[in-house]
Amino acid sequence: MATYNGEKYIAEQIKSILIQLDESDELIIFDDCSSDETVKIIELFKDPRINLNINKRNLGVIKTFENAILQAKGDYIFLSDQDDIWMPNKVEISLLEFEKGFNLVISDAYILQNDMIMLSTFFEIRKSGPGILKNYFKNTFIGCCIAFDRTHLNKILPFPKSISMHDSWIGEIISIYGKVSFMSDRLIIYRRHEKNVTSLDRGDTISIIRKRYADLKCIVYRISKNRLFNYV
């Protein structure tokens, strides 16, 4: 989990996660220099499964998630935002999907806006689904809904500096090298509010083209780099 000035919702999210973790699991949190009470609220839990870290300076969401992933020791890594709510069966259902041989699991999500659950889910709004080209032009690898195993971690990390977002990068790399599952199960409540980093809208076309071109260059370079390592 990456946090930044998330005092309003962070406690509810942490509770929804801890209730479904075993004693051997961990909740790794990297705070990106919050100026509010976020860190104090996390510390109040006093749960040994919480591994709290604070960036020495503000690094932004991509680098903060990279730091958190680098610290993960488990076989399966679940990404989490600070302001959502996990459904009680999120971990259980996701692990069952991993047992089928998938390396990346993306679940659907209820959308909470203005304290009301929307009729349409995230998958319905974004027309989510697998496919490298599909997600290259319209990313549906939403970070708060993804979990992945360690199989291709050496290809995912480190995150290139010029990628548009960490979740699309993870999704594209594992789509190339592994197996991806988009599950219809709605396993989180995805909270929308004025401080969200990402938008449900597609965004400006020119801006998207520039970002995706930068992503493509990074993908091509990473593929060539890994082929070279495999050859050597």
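**Close-up views of a predicted model**

**View 1. Helix H1 and its buried residues.** Helix H1 covers residues 10-18, and its buried members are Ile10, Gln13, Ile14, Ser16, Ile17 and Leu18. Keep in mind that what you're looking at is a predicted model. Those buried residues of H1 pack against quite a list of partners: the strands E1 (2-3), E2 (27-31), E3 (50-54) and E5 (85-86), plus helix H2 (38-43). A handy rule here: an α-helix has 3.6 residues a turn, so residues three or four places apart point the same way.

**View 2. The second largest pocket.** Strands E2 and E4 each supply at least two residues of the lining, and so do helices H3 and H4 (90-98).

View 3. Look for Asp75 in the loop that links helix H3 (61-71) to strand E4 (76-78). Leaving aside residues up to four places away in sequence, Asp75 touches Phe148, Asp149 and Arg150. Asp75 and Phe148 are 73 residues apart along the chain, yet 8.6 Å separates their C-alpha atoms. Even with these contacts, Asp75 counts as exposed because its relative accessible area is 54%, and the cut-off for exposed is over 50%.

**View 4. Two loop residues with positive phi.** Lys46 sits in the loop between H2 and E3, and its phi is near 50 degrees. Asp115 is in the loop between strand E6 (104-113) and strand E7 (116-117), with a positive phi of about 65 degrees. Why point them out? Most residues other than glycine have a negative phi. Lys46 is exposed, at 71% relative accessibility, and Asp115 is exposed too, with a relative accessible area of 73%.

View 5. Going from Leu157 to Pro158, the peptide bond is cis, with omega near -5 degrees. For background, most peptide bonds are trans. Pro158 belongs to the loop between helix H7 (153-156) and helix H8 (166-177).

**View 6. A nonpolar patch on the surface.** Which residues form this patch? They are Tyr213, Leu216 and Val220, and together they have about 290 Å² of accessible area. To find Val220, follow helix H9, which runs over residues 205-231.

Definitions and conventions
Residues are numbered from 1 along each chain as its sequence is written. This is a predicted model: local features need pLDDT of at least 70, side-chain atom pairs count only at pLDDT 80 or more; totals for chains, interfaces and linings use all residues. Side-chain values use heavy atoms; hydrogens and water are left out. Patches are made of residues with over 30% relative accessible area and no salt bridge: like charges are joined within 9 Å, nonpolar side chains (Val, Leu, Ile, Met, Phe, Trp, Tyr) within 5 Å. Accessible areas come from the Shrake-Rupley method with a 1.4 Å probe; for residues, only the protein chains shown count as cover. A salt bridge is a side-chain nitrogen of Lys or Arg within 4 Å of a carboxyl oxygen of Asp or Glu. Helices (H or I, at least four residues) and strands (E, at least two) are DSSP runs, numbered from the N terminus. Buried means under 20% relative accessible area, exposed over 50%, partly exposed in between (1.4 Å probe, protein chains only). Contact means heavy atoms within 4.5 Å.
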